[in-house]
Structures are given as C-alpha cells and as structure tokens.
Amino acid sequence: MTDPWELRPLEGLGPFVFGMSSAEALRHAPAYGGVDEDCQSSPDSPEQIFARFAPMVGEDEARAIVAEVLATGADLRYRRTIAFPSSLALIFLDDGLEEVFFAKEGTRLHVAGHRLFGKGVDPLPALRELQARNGEPPLIHDEDCYFRRLHLTAFAIIAVAADGTIGPCMRGTRLARDRTISWRATPRAPDEDFACHRPVDLRP
C-alpha cells in the first residue's frame, strides 16, 4: 500500500501522481482531512496587464510593459490549487497535477522515513536522502536548498556557516517559520536563475 505521506521525487506524493486529474486526486482527499480550499489562480493575462497599466501610463507604454513580460517567457496560464488542512496543496495545470507543496505544518511528510518538519526534527537526513537520489549536491542560496534534477526546492530549511558547517535553520527564527517545500516532475518555465546559488555537499 502506498504511504500517503511519502515524498516521491519526480512522481508525486503517496497516491497523488503527477499528471493525474483533479477528479482522481479528490478521491484521496479524505485521507488528508478533506479539502480546505479549492481555487483558480493565474498571473495576469497580457490583456489584463494592458488594461491595468494603459490608464496610468498610456497605451504605448502599456504595450511595452506587456512585451517585457512576454519576453521573460513567463507562464500566464490558469492553474487550480486544491489545499488540505495538513498544509498540503496540489497545483493543477490543464487538469493535470503539476506541483506538490507543503508548509511546515505538514509534520507527517517524509523521505524514506526521514521527516522534514516538526518540533525538534533535523531535516538533514531527509535532505541527504534527496541528494543521493539527485545524483549531485543541491544548489544552495541563503537558506534555500534546490535539487535541480528532482525539480524540488526546500525553502528556509538549511544554514551553512562561514566555516562550512551545515545545519537546519535556527528554530524560532522567522526563516524557520517560513519553511516550505515543493516539487514537480518538470522544470519551471522559464527555468530559474541559479547564478546566485552554489553547490553544497550535504554528506557528513
């Protein structure tokens, strides 16, 4: 039987598999406490951006703003987000599961038995397991940890001291309160800029 709380990189979470429909996903909602919120969201469409800026800066400048947004390759398609009381959120694009998100309240989430969140939990064993599956050290920026081959980012989860010592973010800090994780099966579009990141080997 599939463990409902096991993080499966490039595959999904428990019974939730990337690409599955929202109707299929909702059949598993009771195991996660039912649906807390179900909403449609999207960045502004080009038409909405133009309509918002044209009265303020004029039509020509508004068209230039739209062109700048489109030049970045930003994905402006609508998405559906289904959120659960456990802090789990499933994000769907064209009714296919695209991304899984958890906040720090998701204390049952684990990687091969290693938990990521919870009072007194050291996330490093879970992050090391992810590094092994990633096949290379993660990219680190500030307290964020990105596993590029797994398309997985853990935010506000790790601290690298000046002497190279690695540990979790200090409990009780704002960063620790903001701790989240998200993963998907495909790269973001456009791909993220990793110029400020550096690889850090998490192995002891």
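Predicted model: local features only at pLDDT ≥ 70, side-chain atom pairs only at ≥ 80, totals over all residues.
## Nonpolar core

The largest nonpolar core of the model holds 37 residues, and the members that touch the most others are Phe16, Leu116, Leu127, Ile181 and Trp183. At least two residues of this core are supplied by each of strand S6 (88-93), strand S7 (96-103), helix H4 (124-134), strand S11 (144-147), strand S12 (152-155) and strand S15 (180-184). The largest share comes from H4, which contributes four residues.

Leucine 127 has contacts, leaving aside residues up to four places away in sequence, with Leu116, Phe147, Ala154, Ile157, Ile158 and Leu202. One of these partners, Leu116, is also listed with Leu127 among the core members that touch the most others.

## Packing of helices H2 and H3

Helix H2, spanning residues 46-57, packs against helix H3, spanning residues 59-71, at an angle of about 145°, and the two axes are 7 Å apart. The crossing of H2 and H3 is right-handed.

On the H2 side the contact is made by Pro46, Ile49, Phe50, Phe53, Ala54 and Val57, while H3 brings Glu59, Glu61, Ala62, Arg63, Ile65, Val66, Val69 and Leu70. Sorted by class, the residues in the contact of H2 with H3 comprise eleven nonpolar and three charged residues, with no polar ones.

## Cysteines

A search of the whole structure returns zero disulfides. For cysteine 196, the closest cysteine sulfur is that of cysteine 145, at 16 Å, and the pair is therefore too far apart for a bond, given that a disulfide requires sulfur atoms within 2.5 Å.

Serine 21 is placed in the loop between strand S3 (16-17) and helix H1 (22-26). Its relative accessibility is 16%, so serine 21 counts as buried, the limit for that class being under 20%. Apart from residues up to four places away in sequence, serine 21 touches Phe92 and Asp95.

Proline 204 belongs to the segment after strand S16 (198-199), and because its relative accessibility is 91%, proline 204 counts as exposed. Although proline 204 and leucine 124 are separated by 80 residues in sequence, their C-alpha atoms are 9.7 Å apart in space.

How values were computed. Residues numbered from 1 in each chain as written. Heavy atoms only, no water. Core = buried A, V, L, I, M, F, W, Y, C linked by side-chain atoms within 4.5 Å. Buried < 20%, exposed > 50% of the residue type's maximum accessible area, 1.4 Å probe, protein only. Contact = heavy atoms within 4.5 Å. Axes fitted to C-alpha atoms, helices over the stretch in contact; angles between N-to-C directions. Left-handed = near helix turned anticlockwise from the far one by under 90°. Nonpolar A, V, L, I, M, F, W, Y, C, P; charged D, E, K, R; others polar.
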